[in-house]
Amino acid sequence: MKKIIRIVSVSVLAMLAHNQAQAQAPDCDAACLVGIAQQYMQDVVTKDFSKLPWGDAVRFTENNVGMMIGEGFWGAGPSVVNDGIYLPDPQTGNVVWWGITGEHGQAAYHGLRLQIENRAITEVESYLGREGTPDLFAPVADYKVSAAFTARVDADARTPRDRMIALVDGWFNSVQLNDGEIFTSIAADCTRTINGLNITNGDYWAAKQVEGCKQQLEQGLFKPADRIRARRYPVVNEETGVVVALSLEDHAVRYVDYKSKSGADLKVEVEYPNTHGRLELFKIVNGEITEVDGVSVFLPYYIHSLWAE
Amino acid sequence: MQNKYLAAGIFVLCGLSAVANAQAPGEPSAVIKVECDYDCLLGYASNYIEALADRDFSRARLAPDVIFSENNVVMPVGNDGLWGTISGVHEGEMMVADEQTGNAAWFGIVEEHGNPAYLALRIKVEDSLITEIETVVNRLPDMPKPFGDPSTVTHDPVWSDILPEEQRRSRARLVAVADGYFNTVELNDGDVFTQFDDDCGRLENGMLTTSGNSGISGGGGNGNAATIASGCVAQFKLGIYRINKRIRDRRYPLIDEKRGVVVASGFFDHANMFDRYTLTDGREMRTVLKWPNSISLLEAFKIRNGRIWRIEAVFTYVPYFMPSPFAVPNIDFQTR
């Protein structure tokens, strides 16, 4: 009997300790996360990574390839072209920087994710959408980061964390094999930008077919996206309604011609197999996706993710 | 008593182990049996290309656990990558083989949905089945790179010629000559670490990039090093390839002493830590691309008298520092 009481007592104490731990503030709050990311963006320009708070084992990828800190963007005459925005998630310990950087004066759209553990950087994942590849690219002079991604959403228009992830996952399910079925909720006036190019409004071929995120998906314009895999959601912020998603979008290109739902003749943009590595920001208000922006990198078809489990 | 048997067992095991290793290091046997000779290997390569052209992988004589990569990405064989897009194969390929390692290579032009692409293929045959398929496919549109006019490309017939005895070199020397080529390209500053035949010529992605050589033809165009300097050695002495920070993950899976052929695989890393540099004659050059990138290649060397005579390469851009599944199996976050 004494033994049973002792076991129960230990269990209760363990539960109390667990709940206490959950109630504690995160090791590194939003300000802390942003501070570390700011230091990273400052130090990358001076190519001095010695002062950054590194963890014991650091993983670093640039455009989905593992390499040493100091290589890649770090070594290519780096500069920061605009201030960018910082998107922290104290719950996961991730912080994302989204903005424009330069390499020997040539600008690129740049999404950077840092994982912070015990106030030290343990993961660095970066995607640079550069000019001159087969991927989309709009001149950076015409681009401005939307204020929506840092603006707070009214309390009654917020969406719970898990639902936010479900909405973005549903977005990917809608784009994948896009046949007009929508697996998420999208605002009628939703806009989408890739590497600075507005693809839902303006001169882009898809916008000429029909404008709007939802309308384009309903028309099946993105059918050549065979698979969207390695999906991850490291930053979710209920207050700003922002989800940062990472994914790999495969285009097997087994066909080059296809039709929209309304019968328009369409052609794939690149006529050989390719994969797009993406870091994208989704804005969600009232349970609907209202804006999508991000970086896309042209990668060898089917490239494996070093991050997805 | 038990200890006595245990000791005897350990002695026997040690003996077996010593016997198992009584051959040249890294070799499976002190006598390499040729199960599939030169023509047999070329047959496997031809058969693979025919199966690919028909998109029928069941005819390609593949091992159940075959490893297939396209531009260094491992993927299922049969319906992805080139297997899902091929619409034709041009005649006039170049093929070579290595009876000792069971490797064969095919260099040529294919079409995807009617668009030409340069393909370099390496296969490894073991126990009558293909166990490895390594492909580099060079396509357009892409970043600036050589892409010769497919209608003008011919492969020099000397690739299949057997060299006279006195012009042949050992496997180790052939590899050293090819490796010296990569050492010369790496950080190219004018020093030359290999030997070139006076008649050396190079075809890259169907483009003759050295010019002036008999027996090779290929389309010209933008990005041709021949416009800066003519000839293999002259280009290296001028240091026009200085942007190559590293020639990485070099492998030499195919060597043929009789024909003086080496087929190599590797990456040219362009870190682009600088965007301008000076040639050894004082001319200033600017890098075309400003950001880090790598080139993945399969490159064949024809070596006579210990000197590089012909070079054929197919290469394409891949993300900077991308690893090869054959050089670094089970890649995770190794950065070497």
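Author: The number to begin with is pLDDT, the predictor's confidence in each residue on a scale from 0 to 100. This is a predicted model, and chain A has a mean pLDDT of 93, with 92% of its residues reaching 70 or more.

Reader: Where in chain A does pLDDT stay under 50?

Author: That happens over residues 1-23 of chain A, and for this stretch the model has zero contacts beyond four places in sequence.

Reader: And the rest of the fold, how many helices and strands are there in chain A?

Author: Chain A contains five helices and 15 strands. Its radius of gyration is 21 Å, close to the 19 Å that the globule rule gives for 309 residues, so chain A is as compact as a globular protein of that length. Along the principal axes, its C-alpha atoms fill a box of roughly 80 × 50 × 35 Å.

Reader: What share of chain A counts as buried?

Author: Of its 309 residues, 48% count as buried. As for contacts in chain A between residues at least 6 apart in sequence, 64% of them join residues at least 24 apart.

Reader: Switching to the interface, how many residues of chain B are in contact with chain A?

Author: On the chain B side there are 34 residues, in contact with 35 residues of chain A. The chain B residues that touch chain A divide into 16 nonpolar, 10 polar and eight charged.

Reader: Now chain B itself: in what order do the strands of the six-stranded open sheet run?

Author: The order is E9-E8-E15-E14-E11-E10 in chain B, and the pairing is mixed. E9 (207-208) and E10 of chain B each have a single partner strand, so one side of each is left without a neighbour in the sheet.

Reader: In which sense do E8 and E9 of chain B pair?

Author: Strand E8 (residues 196-204) of chain B pairs with E9(B) in the antiparallel sense, over two bridges. Within that pairing, Leu203(B) stands opposite Leu208(B) of E9(B).

Reader: Last topic, helix H3 of chain B: what do its buried residues pack against?

Author: The buried residues of H3(B), among them Leu174(B), Val177(B) and Tyr181(B), pack against helix H4 (232-238) and strands E10 (246-256), E11 (261-270), E14 (293-304) and E15 (307-318) of chain B. The helix itself, residues 171-185 of chain B, reaches 22 Å from its first C-alpha to its last, close to the 21 Å expected at 1.5 Å a residue. Just after H3(B), Leu187(B) takes a positive phi of about 55 degrees.

How values were computed
Residues numbered from 1 in each chain as written. Chains lettered and ligands numbered in written order. Predicted model: local features only at pLDDT ≥ 70, side-chain atom pairs only at ≥ 80, totals over all residues. Helix = DSSP H or I, 4+ residues; strand = E, 2+ residues; numbered from the N terminus. Expected span 1.5 Å × (residues − 1). Buried ≥ 20, exposed ≤ 12 C-beta atoms within 10 Å, placed from the backbone. Contact = placed C-beta atoms within 7 Å. Rg over C-alpha atoms; globule rule 2.2 N^0.38 Å. Nonpolar A, V, L, I, M, F, W, Y, C, P; charged D, E, K, R; others polar. Pairing = 2+ DSSP bridges.
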